[in-house]
Amino acid sequence: MSRGFGWPELQFVLHGLLWTLGLSAVALTAGGVGGMIIALARVSRLRVLRIVAGGYIGLFQGTPVLMQLFLAFFGLAVLTGVQMDAWPAVTLAFTLYAGAFLGEIWRGAIQAVPPEQWEAARALGLRRPATLLRVVLPQAVRLAIPPTVGFLVQLIKSTAVASIIGFVEVTRAGQLMVNVTFRPMLVYPLVALLYFAVCWPVSLLAGRLERRLDARGSGSPRR
Amino acid sequence: MGYVFQFGVVWEHLPELLAGALLTLRLSVGAFVLGLLLAVLLTYARGYGSRAVRGPVVAYIEFMRNTPLLVQLFVLYFSLPAIGVRLGANQAALLGLALNFAAYGAEILRGGMQAVPVGQIEAANALGLRRWRVFRHVVLMPALRVAYPALASQFVLMMLGSSVVSAISATDLTAVTNTLQSTTFRGFEFYFVATGIYLAMALAARAGLDVAYRWLFPPLLRLRSA
C-alpha cells in the first residue's frame, strides 16, 4: 500500500515548488503596487493618509501572517457566502502582507533621500509630483533595491504557511508525498533543500547589492 | 451577504484563548533564552573557531535563515521519529523556535560585534585576559548593547511566527483558535479576536523590551548637571 519515493513523487514536489514561486511572484507584483501606494501615503502631506497607512503597516507587521491568511480565508467566505478555493485567499493575504512590508521599506528609502533634494527641486520651480517622480524616486529606488530583494526571501519562506489552509505549494506537496510514501526523513529535508536552493542565491544577491551600495555611499550626492 | 457576526461565543471561550496565548508567550520567551545562548556560542565559534568549526557554523546559520520555520518544525517533529528521536509537540515547537532564533541571533550579534573597536580587544589581550573573558566582557557585552534593538525586533517576529507551531499540534494560541472555530463554526470571529490578541502581545512585548533596554543598558556617560 505504501509506495516508494520515485520520479513521479519528486515531480509532484517540484510542481509544488512552481506554485510557491508563482504565489511569491504574484504577491511581490500586486504587493509592490500596494506597497507603492502605502509608501506614498506615508510621506504624504495629508496627516490622515499618513496615519491610515501607518496603521495598515502596524497591523500587518504586528500580527502573524498565518492569522492574516485565516482571516482572508474566512473573511472571503463570509463576503461571498461560499467556502472558496485556497487560491483567492492566499493571493489576497500575501498581497496585503507584502504591501505592508514593501510600503515600510520604500517609505524608508524615500525618506533617506536628503531633504535638500526636495528643497533644490522646489527652488527650481518643480511641483511636488514632479519632484517626487523625477528627483526623489529615482534616488530612492537605488536605496530600496537591496532591502526589497532581502524581503523577497522572507516572502518566499512565508508562503510555506499557505500549506496550512491546504494550498498545494511545495510544503503541502511534500506533506502529501509523506502521507503516501511514509518517508518523512527523506521528503521534509528535501523540501527544506528546495527552499534553500531558491532563497540562498537571493540572500547572497541582497547582501552583495547592499555592500555595493555601502561602498558607493548612501547613493545620494555628497556635499 | 447573509452572515451575521456573533462575537458572544468568542467571549465565552476567552479563557481557553488566553491559555493558548500563555503557551505562545512561554514558547517565545523560552526559545529566546535558549536561542540567545546558542547564538552566543555560534558567534564565539564563528569568531574564534578553526576553519573546520567555522564552516559548519556558517552553513547552519545560512541554512536556518533560508528555509521556512514551518519546514524546520516538520523535520523536527515528523522526520526525526524515523531515526528514533521522538519529541512532544510542544518540545519540538520550543526546540524549533530556539534553533531558528539562534541563527538570526548569531547574525545580529555578528553585526553588533563589528561595532567593537579592534583596539579595545587588543587592549584586553595586552592586559592578559583569557580569550573567553575578552570575548565575554570586551566583545559580547558591548555587542549586545548595540544588537539589542535588532534582537528585540527579532523576538517579536519570532513570537508572531510561532503561530505556525499549531501545524505540528502544539497547543498555542493559533491551535486553540483552530479547535474552537471547528467546533463553533465561527471562524472569522475567532480568528479576528485571536489576531487582536497577537497584536496586543506584540505591542506589549515591544514596549516591555524598550523599558528593559533602558534598565539593562543605562547610558554609558552621564553628564553631570550642575
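Good morning. I begin with B:Ala93, which touches B:Leu27, B:Leu73, B:Val165, B:Ile168 and B:Ala170, leaving aside residues up to four places away in sequence. Please bear in mind that this is a predicted model.

B:Ala93 belongs to the largest nonpolar core, a set of 119 residues. Together with A:Leu69, A:Tyr97, A:Val161, A:Val191, B:Leu70 and B:Leu73, B:Ala93 is among the residues that touch the most other members. The element that gives the most to this core is helix α5 of chain B, residues 89-113, with 14 residues.

Let me turn to chain A as a whole. Chain A contains eight helices and zero strands. Its C-alpha atoms fill a box of roughly 80 × 45 × 25 Å along the principal axes. Of its 223 residues, 39% count as buried. Among contacts in chain A with a separation of 6 or more, 75% join residues 24 or more positions apart.

I now take one element of that chain, helix α8. It covers residues 184-215 of chain A, 32 residues in total. From first C-alpha to last, α8 reaches 45 Å, close to the expected 46 Å. A kink of about 25 degrees lies at A:Cys199, shortly before the proline A:Pro201.

Which residues of α8(A) are buried? They are A:Pro184, A:Val187, A:Tyr188, A:Val191, A:Ala192, A:Leu194, A:Tyr195, A:Val198 and A:Cys199. On the spacing, an α-helix has 3.6 residues a turn, so residues three or four places apart point the same way.

What covers these buried residues includes α1, α6 and α7 of chain A, together with α4 of chain B. Thank you.

How values were computed. Residues numbered from 1 in each chain as written. Chains lettered and ligands numbered in written order. Predicted model: local features only at pLDDT ≥ 70, side-chain atom pairs only at ≥ 80, totals over all residues. Helix = DSSP H or I, 4+ residues; strand = E, 2+ residues; numbered from the N terminus. Expected span 1.5 Å × (residues − 1). Bend = angle between axes of the 7 residues up to and from the residue. Buried ≥ 20, exposed ≤ 12 C-beta atoms within 10 Å, placed from the backbone. Contact = placed C-beta atoms within 7 Å. Core = buried A, V, L, I, M, F, W, Y, C linked by C-beta atoms within 7 Å.
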